[in-house]
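Please look over the sequence and the structure shown here before reading the report on its aromatic rings, charged side chains and helices.

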Amino acid sequence: MTGSSDQRPEDGRPGADRAGTLIRPFRIATPQEDLDDLRARLERTRWPDELPGVGWTYGVERGYLEQLARYWQNEYDWRRHESRLNEFPQFTTTIDRQRIHFLHVRSPEPGAMPLIVTHGWPSSPAEFADIIGPLTDPRTHGGDPADAFHVVAPSLPGFGFSGPTREPGWGVARVAHAWVELMHRLGYERYGAQGTDFGSAVAPELGRIAPDRIVGVHVNALVTASTASDPSLLDRLTEEDRAKVQANTVAWRQRSGYATIQGTRPQTLAYALTDSPVGLLAWNLEWFVDYDAAATRQTAVDRDDLLTSVSIAWLTGTAGSSARLYYEMREAWGAPPERSPVPTAVAVFPGDGAVRGLAEIASTITRWTVYDRGGHFAALQAPDLLVGDIREFFRQYRHDR
């Protein structure tokens with residue numbers, strides 16, 4: 001494991017006791033030999049051929065990947081990003097027999113609202129590095145101190161420093177139960193939930209299993225139920241939403257190969273992703289690059305941010321473990337879940353396929369905002385817009401705590 005924990009409980013925090021709920025401070029501490037091995041493997045990459053003139057139509061374009069791999073090998077500075085991540089207070093604990101890593105950044109404002117934020121695949125809490133400061137300390141970042149949050153940002157079980165998972169069954173519902181326990185250990189009994197990508201499934205699930213604790217749910221890159229297994233859902237949608245579903249279905253057929261493999265044979269895939277850094281980079285790159293040549297609407301993800309995400313997966317050896325989340329969720333993609341009673345906001349950024357009619361079947365939607373800037377990784381591509389949307393939504397629910 002790339003990191004270190006000591007055995008002292010987090011000073012002054014509730015829930016750090018001797019009954020298996022110990023909370024340990026954590027720092028990322030990558031052995032130099034791991035970085036040397038990574039560079040050596042990048043140097044020895046065995047490149048496949050590529051058909052001439054096909055660009056991205058068959059998958060990740062080789063010239064683009066070669067350039068990015070050379071930058072990873074020769075110029076990207078993991079130590080700089082490791083140091084930046086270590087500026088955030090980090091901890092580990094064990095919940096439901098699983099190691100859980102999380103950032104816990106408390107606001108200097110006494111009236112701050114607790115907020116748990118959940119990332120998706122292929123990502124980590126590093127995705128939130130640019131929004132944690134504005135959320136926890138708006139006074140310093142030109143905002144209203146009344147909008148402050150205490151931010152808890154866990155790594156999903158099986159991802160990065162929360163990996164690997166040690167037993168089957170870590171789907172969205174189990175993750176949500178773990179998050180409720182985590183917040184209880186930290187002394188937070190009423191709080192907000194935010195999530196992106198897979199996190200957009202976890203956050204509403206918190207509202208279903210603990211509606212008395214969740215004051216509101218905010219999501220972006222929303223994952224909604226598929227109509228494939230229940231075509232009757234289409235009858236409950238507007239004509240505009242039915243057209244969106246059809247367009248999403250066509251687009252998904254073109255890029256869903258990764259999900260099919262991760263949802264059916266994640267262990268087979270794990271051998272390749274754990275042995276080849278360029279293989280891992282190419283596999284994860286699909287979601288970080290808008291490879292539709294006709295679409296220029298998404299803001300590019302900075303290559304250092306992209307490589308930090310991939311480096312965490314590589315250095316912790318958790319690419320295969322994180323892929324298992326798709327397997328655990330394979331039976332939950334069809335019918336929509338039970339409707340969450342908790343007020344829910346959806347921020348829609350370019351490239352998102354969110355369909356309001358489907359979202360309203362599963363959640364109590366009270367806010368739906370569409371933006372013309374950003375992308376699937378809004379915390380990286382439009383952090384100002386995402387922070388503003390989170391602040392505005394939760395402003396009306398602060399008195400509910």
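## Aromatic pairs

In this predicted model, the count of aromatic pairs comes to 14. One of them is formed by Trp121 and Tyr326, an edge-to-face pair with 5.7 Å from centre to centre and 85 degrees between the planes. This pair links distant parts of the chain, since Trp121 lies in the loop between strand S5 (113-118) and helix H4 (129-136), while Tyr326 lies in helix H12 (residues 319-328), 205 residues apart. Both Trp121 and Tyr326 are buried.

Tyr258 and Trp287 are also an edge-to-face pair, because their ring centres are 5.7 Å apart and their planes stand at 80 degrees. Tyr258 belongs to helix H8 (residues 257-264) and Trp287 to helix H10 (residues 277-288), so the pair ties together parts that are 29 residues apart in sequence. Tyr258 counts as buried at 9% relative accessibility, and Trp287 counts as buried at 18%. One aromatic cluster is formed by Trp121, Phe198, Trp252, Tyr258, Trp287 and Tyr326.

## Charges over rings

The charged end of Arg255 sits over the ring of Trp287, at 4.0 Å from its centre. Arg303 lies over the face of Tyr71, with 3.6 Å to the ring centre.

Arg185 is part of helix H5 (residues 172-185) and, at 7% relative accessibility, counts as buried. Between the C-alpha atoms of Arg185 and Thr21 there are 7.5 Å in space, although the two are 164 residues apart in sequence.

Helix H15 (residues 383-395) has 13 residues and reaches 18 Å from its first C-alpha to its last, close to the 18 Å expected. Its buried residues include Asp389 and Arg391, along with Phe393 and Phe394.

Methods: Residues numbered from 1 in each chain as written. Predicted model: local features only at pLDDT ≥ 70, side-chain atom pairs only at ≥ 80, totals over all residues. Heavy atoms only, no water. Helix = DSSP H or I, 4+ residues; strand = E, 2+ residues; numbered from the N terminus. Expected span 1.5 Å × (residues − 1). Buried < 20%, exposed > 50% of the residue type's maximum accessible area, 1.4 Å probe, protein only. Phe/Tyr/Trp six-rings, centres within 6.5 Å; stacked < 30°, edge-to-face > 60°. Lys NZ or Arg CZ within 6 Å of the ring centre and 35° of its normal.
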